[in-house]
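Please read the following points with the sequence and the model open beside you.

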Amino acid sequence: MKSFQEIYRAAENKIAGIGAAPGIIIGEAYLYTKEKLQISKADIEDIPKAKKDLTEAIAKSKKELYKIFSIAREKMDEVRAAIFEAQLMILDDPILLDEIGKRIEIERKSPEYIVDDEISKYQSKMILSHESYMKERALDIEDIKQRIIRNLQKKRWESKIDHNVIVVSETLTPADTILLSRNKVLAFITDHGGLTSHAAIISRSLNIPAVVGTHNSTILIKDGDEIIVDGFYGYILTKPTPEQKEFFIEKRRRLIELQKELEELKDEKAVTKDGKEIKLSANVDVSGEIDLVVTSGASGIGLYRSEQILNELGEFPNEDEQAKIYSKLSSRIYPNTITIRVFDIGGDKFRFLDFEEPNPFLGLRGIRLLLENPALFKTQIRAILKASDNRNIKMMLPMISTLKEVKESKRLIEECKQELRDEKLNFDEDIELGIMIEVPSAAVMAKEFAREVDFLSIGTNDLIQYLMAVDRGNDLVSNLYQEFSPVVVRTLKHIVDEAKKAKKPVSLCGEMAADTLAMPLLIGLGVDILSMSPATIPYAKRIIRSFDYKKAKRLANKCNLLNTEEEVKETIEKFFTDNKITRTRQII
Ligand code: PEP
Ligand code: MG
């Protein structure tokens with residue numbers, strides 16, 4: 001049988017991108033376009049018809065929302081489903097609907113213009129409000145406004161897919177990815193985006209193969225085309241030839257076989273050939289994933305990206321709603337532990353500010369935003385503490401760049417603890433606090449940071465982005481996003497050495513933890529906890545069980561002296577060949 005390389009070399013119908021989530025899919029393309037709705041401000045003659053159109057569009061919007069609400073109640077917990085109930089209530093608001101009706105009669109403008117203008121007025125008032133609850137409602141209203149206008153224009157609602165398809169899109173936000181994944185999505189393809197963009201991370205979490213950064217897929221692929229998606233090598237084949245189809249059908253069969261074999265490793269430990277045990281924990285990005293964690297053989301949750309709740313809900317849940325979510329997770333994972341990372345808002349994640357920052361990745365993100373909004377931060381801290389009664393929750397702070405931020409966070413945590421004591425509520429007095437090391441300043445001062453907290457967790461996704469000054473989501477510079485750059489190797493070594501000297505545990509929870517090629521290097525450097533999406537845990541176990549820790553240490557020492565990314569990669573690849581270790585893509 002031919003190799004992948006031979007197939008791709010000969011293929012004239014290939015599109016190259018970045019393999020962001022592994023898997024092989026053959027299926028039908030669905031072009032997902034988020035077209036901006038054009039609002040017509042036209043004068044109208046027929047007022048009764050305009051009002052009838054409005055009534056019909058509102059009725060259709062309600063029908064759609066009822067359906068979404070009932071699906072949501074089935075698939076999500078009550079708190080998450082309630083958002084759609086709130087949207088339905090807005091559609092029943094007599095004052096708003098009366099006002100729109102009246103304005104159509106007086107101004108004699110198209111209903112879509114009046115709907116847009118009137119609802120936008122509501123929204124601006126809410127955005128300007130000082131209450132965060134009102135600001136949050138503004139987001140719901142945007143969704144309703146778009147829905148009514150779309151129905152007035154009799155356009156179809158794009159995120160509704162009724163059969164198995166491969167979604168092809170220019171870009172995908174994390175929220176799009178989650179929304180679309182509730183439908184029958186086989187794979188994702190995007191024109192833009194890099195390996196560690198949050199949409200890519202979510203695809204991996206959901207175990208949906210993805211190729212990102214393809215530049216022009218949305219031009220080269222037509223709606224309904226048959227295509228092959230290879231999330232391992234990052235290629236797409238459009239309208240495949242019979243030979244290509246036969247090749248990939250066989251590869252899919254072998255992949256399914258391998259996955260069955262890997263399942264047998266579920267209850268085995270991740271231990272090197274010479275007996276060094278590595279703890280593998282799970283990254284959880286979407287609520288549905290928790291069941292996968294329990295069945296994947298992970299030892300607990302090493303990173304719970306709590307901001308995903310906001311993406312799924314589209315708003316901030318209040319303290320009790322949050323406590324309920326965290327409590328449920330803690331009980332589900334017990335007696336293992338869960339590390340809840342407080343909201344990492346900003347960058348390419350949940351939008352909080354009413355304006356666009358010029359450099360969101362360097363802006364008010366993560367801990368910076370939380371410390372600027374102590375009420376919001378304290379609500380989350382109190383909710384985590386309230387849920388900590390099982391004593392299996394740890395708290396983690398994202399985007400730490402100064403010691404002052406750690407100290408200020410610790411002060412707020414202490415304040416919350418005192419409040420709960422005064423309220424006579426039970427919580428874990430000794431709850432562990434850790435920080436993400438993902439900003440170079442924190443890496444350089446790892447020693448001082450390690451003294452302040454109970455544990456460190458290295459976030460390579462951001463650390464590489466900031467070390468190399470390369471946007472993690474931008475495919476134009478993805479060649480500079482180098483996991484194996486000597487600067488990354490040396491920085492990781494420094495952090496791990498300092499954490500060990502301070503006798504504090506250090507884990508690695510960036511996407512690099514799941515890269516099988518990086519595993520001997522990371523373990524050789526001394527990282528003994530790797531946190532990754534649950535679906536990748538069996539693959540990691542297989543690799544870890546196939547080499548010696550002693551040899552991995554020698555490999556890490558060697559890599560630490562090299563000067564280029566190529567040299568580091570070649571050295572690691574040689575380690576794989578010399579020790580006869582095969583990676584998934586080589587087996588299938
Ligand atoms: C990281 O930066 O490596 C990380 C794990 O956090 P996130 O990907 O959520 O920014
Ligand atoms: Mg990060």
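1. An N or O atom in the side chain of R341 is 2.8 Å from an oxygen atom of ligand 1. The side chain of D462 also places an N or O atom 2.9 Å from an oxygen atom of ligand 1, and T460 has a backbone N or O atom 3.1 Å from a ligand oxygen. Such a pair is called a polar contact when two N or O atoms lie within 3.5 Å; within protein, one must be able to donate a hydrogen and the other to accept it, and residues adjacent in sequence count only if both atoms are side-chain atoms. Of the 290 Å² of accessible area that ligand 1 has on its own, the protein covers 100%. These areas come from the Shrake-Rupley method with a 1.4 Å probe, and for residues only the protein chains shown count as cover.

2. This is a predicted model, in which local features need pLDDT of at least 70 and side-chain atom pairs count only at pLDDT 80 or more, while totals for chains, interfaces and linings use all residues. Residues are numbered from 1 along each chain as its sequence is written, chains are lettered from A and ligands numbered from 1 in the order in which they are written, and side-chain values use heavy atoms, with hydrogens and water left out.

3. Which residues are closest to ligand 1? They are R305, R341, K349, N461 and R472, in a surrounding group of 17 residues; a residue is near a molecule if one of its heavy atoms lies within 4 Å of it. The elements giving two or more residues to this shell are α8 (198-205), β10 (301-305) and α19, and α19 gives the most, with three residues. Helices (H or I, at least four residues) and strands (E, at least two) are DSSP runs, numbered from the N terminus.

4. The magnesium ion (ligand 2) is coordinated by E438 (OE) and D462 (OD), at 2.0 to 2.1 Å. E438 belongs to the loop between β13 (432-437) and α17 (440-444), whereas D462 is in helix α19 (residues 460-468), so the pair ties together parts that are 24 residues apart in sequence. Donors are N, O and S atoms within 2.8 Å of the metal (3.2 Å for Na, K and Ca); water is not among the atoms, so sites may look incomplete.

5. Buried means under 20% relative accessible area, exposed over 50%, and partly exposed in between (1.4 Å probe, protein chains only). Eight of the nine residues of α19 are buried, so this helix is largely enclosed by the rest of the structure. Among them are T460, N461 and D462.

6. Some backbone angles deserve a look. Just after α19, A469 takes a positive phi of about 50 degrees. M399, in the loop between β12 and α16 (403-422), has a phi near 65 degrees, a positive value in a residue other than glycine, and M399 is buried at 1% relative accessibility. R108 has a positive phi near 50 degrees and is partly exposed at 38%.

7. The peptide bond from Y334 to P335 is cis, with omega near 5 degrees. P335 lies in the loop between α13 (319-333) and β11 (338-341).
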